[in-house]
Amino acid sequence: MIYIIVPVFNTAKYLSRCLDSIFNQKYQNFHLVIVNDGSTDNSLEIIKTYKKLHKNVSIIDKNNSGPSDARNCGLNFIFTNFKINNNDYITFIDSDDWIDNNYLSSLIKLTNNKNIDIIISSFYLSHSKQDKKIVLSNKEYLLNSEEATCKLLEDRSIQSHSPEKLYRATLWFDIRYPTNIVSMEDQATIYKVFKKASTIMISTYIGYHYWQSSNSICRSEINNKKVLDSLNGYYEPLKDVTLTASEYKSAIQGFSNVYLMMFPRFSNSKASQDEKLLFKQFTKYVYTQKIINQFIPKNRSEKIKKITYLYFYPLYKTLFRIYSKINH
């Protein structure tokens with residue numbers, strides 16, 4: 001059985017496309033858990049229509065509290081209401097995204113006769129006029145837990161998105177998303193699932209479509225809340241005492257890359273006093289702990305950012321904005 005969790009918040013415009021893609025799957029041994037996170041449009045009415053048509057649907061209707069809590073509610077529902085065994089899997093689909101009709105069958109087929117805990121697929125970035133392929137690998141290969149976690153934490157060849165992955169359900173038994181952030185919560189969570197896994201497969205299959213609209217939390221304009229959430233989300237693994245030396249080194253890479261990109265985007269003029277204090281404390285800690293010193297740049301742009309930050313720290317924001325305009 002595959003359990004599918006779909007959090008929904010005001011995505012009525014795209015919801016039918018998402019749900020149709022799920023019920024049109026060639027693989028039908030699934031149960032869909034839809035979490036309506038306090039939508040104020042007609043999303044709930046659309047969901048109820050699908051519930052009438054299909055027996056393998058459960059609806060959770062709750063007050064709005066963000067994507068982390070919505071996914072947690074879905075996970076809690078599954079582990080409370082179903083007898084989960086080692087042959088069950090969980091996957092996440094965002095309600096403005098959709099999947100090809102062989103998505104589930106292609107991923108579950110890869111688990112046959114193999115002790116695979118997580119399967120990662122490539123994906124499409126889909127706009128109104130085109131699909132852009134994001135290919136993670138041109139060949140299929142297996143990684144152990146540490147190898148995969150290192151790649152995930154570095155945030156290059158494997159990214160921390162919750163979707164486009166099929167997880168052995170038991171891995172999620174005691175793992176939940178942090179509810180204090182509404183952006184980059186995946187970075188603070190998925191690595192924990194990878195650390196519990198034994199074998200992770202990077203597949204060549206492409207069948208997940210990320211819809212690139214301006215309404216999505218992760219694709220909307222950057223604000224101070226998103227800056228702070230991004231920094232905290234990527235910093236979370238660095239506080240984990242169970243990381244191996246290699247994993248910690250990779251976490252430094254992932255955090256530093258995001259930090260050097262997000263740090264200059266914080267706006268003091270638009271910040272509340274609490275936001276200013278949190279940002280000041282966080283950036284001071286990063287600087288005094290010499291975290292960025294451990295960052296190993298992989299290209300010219302990263303090298304310029306690191307040198308500028310280390311030697312012109314008070315001017316970094318200004319210099320970064322000038323550099324960004326020149327290289328835009």
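Helices (H or I, at least four residues) and strands (E, at least two) are taken here as DSSP runs, numbered from the N terminus, and the expected span of a helix is 1.5 Å times one less than its number of residues. The structure is a predicted model, in which local features need pLDDT of at least 70 and side-chain atom pairs count only at pLDDT 80 or more, while totals for chains, interfaces and linings use all residues. Residues are numbered from 1 along each chain as its sequence is written, and side-chain values use heavy atoms, with hydrogens and water left out.

Buried here means under 20% relative accessible area, exposed over 50%, and partly exposed in between (1.4 Å probe, protein chains only). By that criterion, the buried residues of α3 are P67, S68, A70, R71, N72, G74, L75, I78 and F79. The cover over these buried residues includes the strands β1 (2–8), β2 (30–37), β3 (57–62) and β4 (89–92).

Stepping back to the whole chain, the secondary structure comes to eleven helices and ten strands. The radius of gyration of the chain is 20 Å, close to the 20 Å that the globule rule gives for 328 residues, so the chain is as compact as a globular protein of that length. For this comparison the radius is taken over C-alpha atoms, and the globule rule is 2.2 Å times the number of residues to the power 0.38. The C-alpha trace spans about 60 × 45 × 40 Å along its principal axes, and 53% of the 328 residues count as buried. With contact defined as heavy atoms within 4.5 Å, 78% of the contacts between residues at least 6 apart in sequence join residues at least 24 apart. The accessible surface, from the Shrake-Rupley method with a 1.4 Å probe (for residues, only the protein chains shown count as cover), comes to about 15900 Å², of which 51% belongs to carbon and sulfur atoms.

Strand β6 (residues 118–126) holds S121, which counts as buried at 0% relative accessibility. Not counting residues up to four places away in sequence, S121 touches Y103, L107, L136, E164, S203 and Y205. Most residues other than glycine have a negative phi. E164, however, has a positive phi, near 60 degrees. K290, in the loop between α9 (273–288) and α10 (300–311), likewise has a positive phi, of about 55 degrees, although it is not a glycine.

N10 lies in the loop between β1 and α1 (12–23), and D41 in the loop between β2 and α2 (43–53). N10 counts as partly exposed at 30% relative accessibility, and D41 counts as partly exposed at 28%. Leaving aside neighbours within four places in sequence, N10 is in contact with S39, T40, D41 and S43, while D41 touches N10, T11 and A12. In C-alpha terms, N10 is 8.5 Å from D37, 27 residues apart in sequence, and D41 is 8.5 Å from F9, 32 residues apart in sequence.

Helix α10 contributes Y309, a buried residue with a relative accessible area of 1%. Its contacts, setting aside neighbours within four places in sequence, are Y259, L260, F263, T283, V286, Y287, I292 and Y316. Y309 and V6 are 303 residues apart in sequence, and their C-alpha atoms are 40 Å apart in space.
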